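Subject: Structure handover

Hello,

Here is the structure for you to look through. My notes on it follow below.

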Amino acid sequence: MLRDFFATKMGMTQAWTKTGKRVAVTRCKADDIAVVSTRTVSIIDTAKQERPLVPTQVLEVGYGAKKLKNMTKPLRTKLEKGGFSFGVKNMAGIKLPVSEAENITAGQTLSVNTILAVGDVVQVQGISKGRGFAGAMKRHGFHGGPATHGQSDRARAVGSIGNRTTPGRVWVGKHMPGHYGVETKTVSGLVIVHIDPTTKEVWLSGPVPGSISSQVKITKTGETKSVELDLSASGIKVAEQVETSADATETIAPEVTEESKE
């Protein structure tokens with residue numbers, strides 16, 4: 001069974017449970033992913049002492065919206081051979097046991113409803129925001145030096161970085177200013193609180209790494225939690241409410257009579 005799905009981070013909002021608890025929510029757009037190709041490889045099982053070769057199915061999937069004409073020719077040709085008439089923004093490989101990938105073939109499109117469900121505990125992986133060259137206080141959380149006693153320009157300085165006469169050098173990995181961000185980060189323990197099959201939105205209970213419009217990878221952990229949102233308080237419209245509001249907005253043409261013509 002497939003446990004991974006890819007989505008686009010849209011931003012954060014808030015929702016309320018039926019008990020009145022406010023939940024910070026990250027909205028993600030989970031469009032259908034395209035299974036471009038499949039192949040079987042042998043991977044060493046490091047968990048066992050004998051380290052046998054285990055046959056594994058690798059699915060090459062494409063995700064994200066992009067025009068087919070704007071893709072490179074090799075990727076465009078690969079998608080066309082798979083039977084797809086649309087482009088994808090990114091491509092990735094997903095490893096599965098052969099027994100769990102029997103029903104998945106090249107040319108399929110998988111929707112979020114077939115993989116994720118409300119209440120699933122997931123971990124989300126993404127690329128953190130880039131902050132450029134940052135100082136030690138912003139990058140590592142240093143408190144800074146004293147702002148008084150003549151140190152007018154040393155409030156945010158790192159301070160001494162040496163280590164006495166022995167070893168007489170700076171240790172490797174010392175926390176110092178440098179490039180901050182653009183790293184692969186994973187947040188665990190998030191819960192899927194809402195899935196909209198119409199708009200393909202997935203709501204996650206908490207912040208996820210990455211900037212707006214960045215791609216994230218959602219992986220199920222196998223655990224579930226009970227989640228009951230107050231739909232009206234959270235601004236979620238049920239299908240019945242949407243149909244009712246659509247009917248209410250319909251305009252009825254006035255009946256034309258002989259008197260109105262005069």
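**Charges over rings**

The charged end of Arg-131 sits over the ring of Tyr-180, 4.7 Å from the ring centre. Arg-169 lies over the face of Trp-171, at 4.8 Å from the ring centre. A charge sits over a ring if NZ of Lys or CZ of Arg is within 6 Å of the ring centre and within 35 degrees of the ring normal.

This is a predicted model: local features need pLDDT of at least 70, side-chain atom pairs count only at pLDDT 80 or more, and totals for chains, interfaces and linings use all residues. Residues are numbered from 1 along each chain as its sequence is written, and side-chain values use heavy atoms, with hydrogens and water left out.

**Aromatic pairs**

Rings of Phe, Tyr and Trp (its six-membered ring) pair if their centres lie within 6.5 Å; planes under 30 degrees apart count as stacked, over 60 as edge-to-face and the rest as tilted. By this rule there are two aromatic pairs. Phe-6 and Tyr-63 are stacked, 4.1 Å centre to centre with 5° between the planes. Phe-6 is in strand β1 (residues 4-16) and Tyr-63 in strand β4 (residues 53-66), so the pair ties together parts 57 residues apart in sequence. Strands are DSSP runs (E, at least two residues), numbered from the N terminus.

Phe-6 counts as buried, at 6% relative accessibility. Tyr-63 is buried too, at 10%. Buried means under 20% relative accessible area, exposed over 50%, partly exposed in between (1.4 Å probe, protein chains only).

Phe-84 and Phe-86 form an edge-to-face pair: 5.5 Å centre to centre, 65° between the planes. Phe-84 is buried at 5%, whereas Phe-86 is partly exposed at 36%.

Best wishes

Terms used:
Helices (H or I, at least four residues) and strands (E, at least two) are DSSP runs, numbered from the N terminus.
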